[in-house]
Amino acid sequence: MGGRLRLIVQDIECVTPIMDMPNLPVARVMWKILPNLREGIPPMDHGSGAHHTVLTYDASAEMA
């Protein structure tokens with residue numbers, strides 16, 4: 001990508017983790033991709049954004 005930055009914005013719903021992960025040495029959160037997994041994964045996969053994810057409760061897709 002050179003010197004370019006790419007912003008991939010996606011609406012999600014945060015959910016309570018289904019099990020403890022005491023040995024995970026980083027912050028964690030689980031979410032459901034909206035509107036559903038089938039429609040939500042292709043844009044994220046195509047944009048190569050899954051490995052540098054930022055989550056905020058204070059912004060929405062309309063703000064991007």
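**Entry 1: terms and model**

Helices (H or I, at least four residues) and strands (E, at least two) are DSSP runs, numbered from the N terminus. With that in hand, I looked up V9 and placed it in the segment before β1. I noted that this is a predicted model, where local features need pLDDT of at least 70 and side-chain atom pairs count only at pLDDT 80 or more, while totals for chains, interfaces and linings use all residues. Residues are numbered from 1 along each chain as its sequence is written, and side-chain values use heavy atoms, with hydrogens and water left out.

**Entry 2: confidence**

I checked pLDDT, the predictor's confidence in each residue, from 0 to 100. The protein has a mean of 76, and 83% of its residues reach 70 or more. Confidence is lowest in helix α1 (residues 37-46), at a mean of 76. It is highest in β1, at 87.

**Entry 3: overall layout**

Along the sequence the pattern reads β-β-α. Next I looked up burial: buried means under 20% relative accessible area, exposed over 50%, and partly exposed in between (1.4 Å probe, protein chains only). Of the 64 residues in the protein, 8% are buried.

I then took the accessible surface (Shrake-Rupley method, 1.4 Å probe; for residues, only the protein chains shown count as cover). The protein's total is about 5,800 Å², and carbon and sulfur atoms hold 57% of that.

I went back to V9. V9 counts as partly exposed because its relative accessibility is 39%. I listed its contacts, meaning heavy atoms within 4.5 Å. Leaving aside residues up to four places away in sequence, V9 touches A61 and A64. S60 is 51 residues from V9 in sequence, yet their C-alpha atoms are 8.2 Å apart in space.

T53 lies in the segment after α1. T53 is partly exposed, since its relative accessible area is 41%. I set T53 against I8: they are 45 residues apart along the chain, with 9.3 Å between C-alpha atoms.

For the whole protein, I took contacts between residues at least 6 apart in sequence; 41% of them join residues at least 24 apart.

**Entry 4: the loops**

Which residues does the cis peptide bond join? I found L34 and P35, with omega at about 5°. P35 sits in the loop between β2 and α1.

M21 is in the loop between β1 (12-15) and β2 (30-33). M21 counts as partly exposed because its relative accessible area is 34%.
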